[in-house]
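The structure is shown first, and the points then take up selected residues and elements in turn.

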Amino acid sequence: MGRLDGYAALVTGGGKGIGRAVVDRFVAEGANVGVLTRSQGDADSLTEAHGDAVAPIIGDVRNWDDNQRAVETVLSRFGKLDTLVPNAGIYDFSDKFQNIRGEDLEARYREIFDVNVLGYLLAARASLEALRASEGSIVMTLSSSSFYTGGGGALYVSTKHGLVGTLRQLAYELSPEIRVNGVAPGGTRTGLGGGSGDARVLEDLDGYEAMVARNVPLGFLSEPEDHAGLYVTLASKTESRFVTAHIIRSDGGIEVRGRRRKRETK
Ligand SMILES: NC(=O)c1ccc[n+]([C@@H]2O[C@H](COP(=O)([O-])OP(=O)(O)OC[C@H]3O[C@@H](n4cnc5c(N)ncnc54)[C@H](O)[C@@H]3O)[C@@H](O)[C@H]2O)c1
């Protein structure tokens, strides 16, 4: 028996990284999963791995029609929608605020807010009726940058802090039919990228793994799979029936980092 037997879910940006780990885990727990992805290659890889248990939809999270099409695909393929996971995001690579040219700021702001915040709102809006009908839930990917500075630049940290408000307001407005929760990963080994024209990739950054390992009490860089079980718990109507507006931190213990790493006190 899987913990999500018979569930139907939709994951945005589920072709790679944390979203892909959530898709893999949901399928392993018995769910069918629609995946909104920009990449045909990722769509093919999902179908190869999971066959009819997945329904890839090619589209852009910034586009209302693509979000609607994704929900309609899940409903027509799987008959209902129990869980929405808004997850697609882009990064600013901790670019220092003073180094972003004033004339570039508006375009960079619009792109990262459109993907990281508008994308979540569009997916939630497109899913409302279906989630009400199933008394389902939303499980958002947030970030340690939803609570702490320094894990991104001013633009990324603004989007991820902003999503805390989005999550809390939706939890308030959509109750009692729809629960709204989140998982906030810390440093994770993924190919998280930047906006258009930015070729940088998070896992390729010099010293990234050592930096995360040095900065968290648990002392290692997490893998996407390390977070996936928490999404299952929050998606499950039996395991978290009385939980809404809650964010589970999966960040190696940043909050209790203190002045020194635990390892250095040994
Ligand atoms: N990697 C980390 O250390 C980390 C830590 C905390 C939170 N996060 C968050 O996790 C989420 C997933 O990121 P990841 O680290 O797995 O990186 P990733 O690049 O592996 O996954 C992000 C996915 O979003 C997709 N995407 C980006 N823009 C899109 C758009 N406009 N339309 C459709 N899809 C789009 C990408 O193609 C990719 O598949 C993001 O919201 C990110 O901010 C990542």
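Does Arg25 count as buried, partly exposed or exposed, and what is its relative accessibility? The first point returns to this after a word on the source. This is a predicted model, in which local features need pLDDT of at least 70 and side-chain atom pairs count only at pLDDT 80 or more, while totals for chains, interfaces and linings use all residues. Residues are numbered from 1 along each chain as its sequence is written, and side-chain values use heavy atoms, with hydrogens and water left out.

1. Arg25 counts as partly exposed, at 29% relative accessibility, where buried means under 20% relative accessible area, exposed over 50% and partly exposed in between (1.4 Å probe, protein chains only). Its salt-bridge partner is Glu29, with the closest N and O atoms 3.2 Å apart, and Glu29 itself is buried at 11% relative accessibility. A salt bridge is taken here as a side-chain nitrogen of Lys or Arg within 4 Å of a carboxyl oxygen of Asp or Glu, and by this rule the count comes to 18.

2. Side chains of opposite charge can pair when their charged atoms come close. A further case is Arg110 with Glu106, whose closest N and O atoms are 3.0 Å apart; because the two residues are four apart in helix α4 (residues 102-134), they are separated by about one helical turn. Arg110 is partly exposed, with a relative accessible area of 45%. Helices (H or I, at least four residues) and strands (E, at least two) are DSSP runs numbered from the N terminus.

3. Asp198 and Arg200 also form a salt bridge, with 2.9 Å between the closest N and O atoms, and both are partly exposed, Asp198 at 23% and Arg200 at 32%.

4. Strand β6 (residues 179-185) is mostly covered, seven of its seven residues being buried. Arg179, Asn181, Val183 and Pro185 point one way from β6, whereas Val180, Gly182 and Ala184 point the other way. The strand pairs in the parallel sense with β5 (residues 137-141) over five bridges and with β7 (residues 247-250) over four bridges, also in the parallel sense; pairing requires that DSSP finds at least two bridges between the strands. Val183 is the bridge partner of Thr141, and its bridge partner in β7 is Ile248.

5. Lys80 is placed in the loop between α3 (64-78) and β4 (83-85) and counts as partly exposed at 31% relative accessibility. A polar atom of its side chain lies 3.0 Å from the backbone oxygen of Gly6. Leaving aside neighbours within four places in sequence, Lys80 is in contact (heavy atoms within 4.5 Å) with Gly6, Tyr7, Ala8, Val74 and Leu75. The C-alpha atoms of Lys80 and Gly136, 56 residues apart along the chain, are separated by 9.7 Å.

6. Two buried helical residues close the note. Asn67, in helix α3, counts as buried at 2% relative accessibility, and its contacts, not counting residues up to four places away in sequence, include Leu36, Asp60 and Gly119. His50, in helix α2 (residues 40-50), is buried with a relative accessible area of 18%; leaving aside neighbours within four places in sequence, His50 is in contact with Arg20, Val23, Asp24 and Val27.

Notes: Polar contact = N/O pair within 3.5 Å; in protein donor to acceptor, adjacent residues only side chain to side chain.
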